[in-house]
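Have a look at the model first, then read on.

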Amino acid sequence: MTSTQIADLSAEQRDRILAAVDAQFDRQVRFTQELIRHPSLRGAEASAQDLLYGAMSGRGLEMDRWELDPEELAGHPGAGKVEVSYAGVDNVVGTYQPGRELGRSLILNGHVDVVPEGPEAQWQRSPWEAAIVDGWLYGRGSGDMKAGLAANLFAFDALRAAGLAPLGRIHFQSVVEEECTGNGSLSALMRGYTADAVLIPEPEEDMLVRANVGTIWFRVRVAGHPGHPREMSAGFNAIDAAYFVVEKLRELEERWNAEKDRHRYFEDLEHPINLNVGKIQGGDWNSSVPAWCELDLRIALYPGTTADDAWSELTAALAAIEHDALGHPISAEAVPTGFYAEGYVLEEGSDAERALADSHSDAFDGAALQSFTTPGYLDGRVFVQYGGVPALVYGPVSKDIHGFDERVDIESVRRITKSIALFIARWCGVESL
């Protein structure tokens, strides 16, 4: 096989791979449950990474683990802004090196970090219980994206159980910081990990992501003038003013949404650009007119728009707010606080997509691979923009990711694992053990 060819699989090899996924699937589900039981919130990913390090090293992979370096990352244009310590915040990579490297190389990437669970009382059960109910695996991170991380490893196991060895180099990546900056995948790229293609099994409804937005996180601080409530007219309430500032940012959001017809693949999305007020805090005393208010926000941007250009528009919109509806002068300043990431498009017709389409069809009883555009962030942009590597973001059906009772469809995970295993075989090529 040459670098311009996709390996052919015989029907017998295909069937052995599919059967091998089924044979070990109960073990795969148990491992995924164990991974969910490690609450790998931001800055607390170490125990989950320990588990994955052991799983990778136990498979005979060459291991690498390193702590993210905020100073090194800060020099890269794709890095997110960091406000937390990276002490003990590690990436884990296990590398499979074939005896004869005759096939294409591959990165199987996934993020281990999860978003906060919110009030646990509003879950049906503990977000870390990893319960299985009616064909769904529940828990924070079950869909986003610990089922995908496990699928990467067990897809590889299926090839070997089928008596096949990949002919291409494979890097299994468990990265941090996907939910807030993208710095984990970026750090892996900066460390030298690259390949001919990347597959990231995010929860994408059994489909391939064609394009997704960029994301900026930022904080707006609004100043007020304190005073006693008995003389409220003499003061200026910064929290009230913050609502007015958000209304003005909504105007920017709507202006950007009105431009969707100018951006390929986004024309049919109802509302591709979303502004989210994620956190708010302000004031110092119940009986004092608040002198300050801080808002933590997230806004999206189209592929082809640089983060710098979007930031310039955003800060100009804030600077243009001179007075609120009652004529009070407003001071609203913004600083980046996390994501400062640009969107990307996966161009159609690549060999990698063709290999995935064939594998998906085999795993999904002849169904064609569908693609779609998402108004969310994905780490695929790191590899596409800064590594020149096609990134296939493709994964199982899920519900309520980032919400209460997050869950992933177990049979969808089974089919996705089969598809990944077949894709590895086609992309990297295989030989008999």
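Helix H3 (46–57), helix H5 (142–161) and strand S7 (170–175) each put at least two residues into the lining of the second largest cavity. Helices (H or I, at least four residues) and strands (E, at least two) are DSSP runs, numbered from the N terminus. A cavity, on a 1 Å grid over the protein atoms alone, is a set of points where a 1.4 Å probe fits but cannot get out, and lining residues have an atom within 4 Å of a point. This is a predicted model, where local features need pLDDT of at least 70, side-chain atom pairs count only at pLDDT 80 or more, and totals for chains, interfaces and linings use all residues. Residues are numbered from 1 along each chain as its sequence is written, and side-chain values use heavy atoms, with hydrogens and water left out.

**Second largest cavity**
- Its space comes to about 40 Å³, where a volume is the space filled by probe spheres set on the grid points, joined across faces, edges and corners.
- The lining consists of Leu 52, Met 56, Leu 108, Leu 149, Asn 152, Leu 153, Phe 172, Gln 173 and Ser 174.
- Six of those residues are nonpolar, three are polar and none is charged.

**Largest cavity**
- The structure holds two cavities of 30 Å³ or more, and the largest has about 60 Å³ of space.
- Around it you'll find Phe 25, Gln 28, Val 29, Thr 32, Leu 137, Ala 147, Val 408, Ile 410 and Val 413.
- Helix H2 (25–36) and helix H11 (410–428) each supply at least two lining residues, and H2 has the largest share, with four.
- Seven of the lining residues are nonpolar, two are polar and no charged ones turn up.

**The largest pocket**
- About 1100 Å³ of space lies in the largest pocket; a pocket is an open set of points with protein on both sides within 12 Å along at least five of seven lines.
- Its lining runs to 34 residues, and Val 115, Glu 179, Trp 217, Phe 339 and His 402 lie nearest the centre.
- S10, S11, S12 and S13 are the elements that give two or more residues to this lining, with S10 giving the most, four residues.
- The lining splits into 14 nonpolar, eight polar and twelve charged residues.

**The sheet**
- Four strands make an open, antiparallel sheet in the order S11-S12-S10-S13; strands pair if DSSP finds at least two bridges between them.
- At the edges are strand S11 (275–282) and strand S13 (332–341), each pairing on one side only.
- From one strand to the next, the twist averages 20°.
- Strand S10 (residues 214–223) and strand S12 (residues 292–301) pair antiparallel over ten bridges, and Gly 214 stands opposite Leu 301 in S12.
- Helix H7 (residues 238–257) packs on the sheet and touches S10, S11, S12 and S13, its direction making about 10° with that of S12. Contact here means heavy atoms within 4.5 Å, while axes are lines fitted to C-alpha atoms, for helices over the stretch in contact, and angles run from 0 to 180 degrees between N-to-C directions.

**Second largest pocket**
- This one has a volume of about 190 Å³.
- It is lined by 13 residues, and the closest to its centre are Phe 236, Asp 240, Asp 324, Leu 326 and His 328.
- Its lining has seven nonpolar, four polar and two charged residues.

How values were computed. Nonpolar A, V, L, I, M, F, W, Y, C, P; charged D, E, K, R; others polar.
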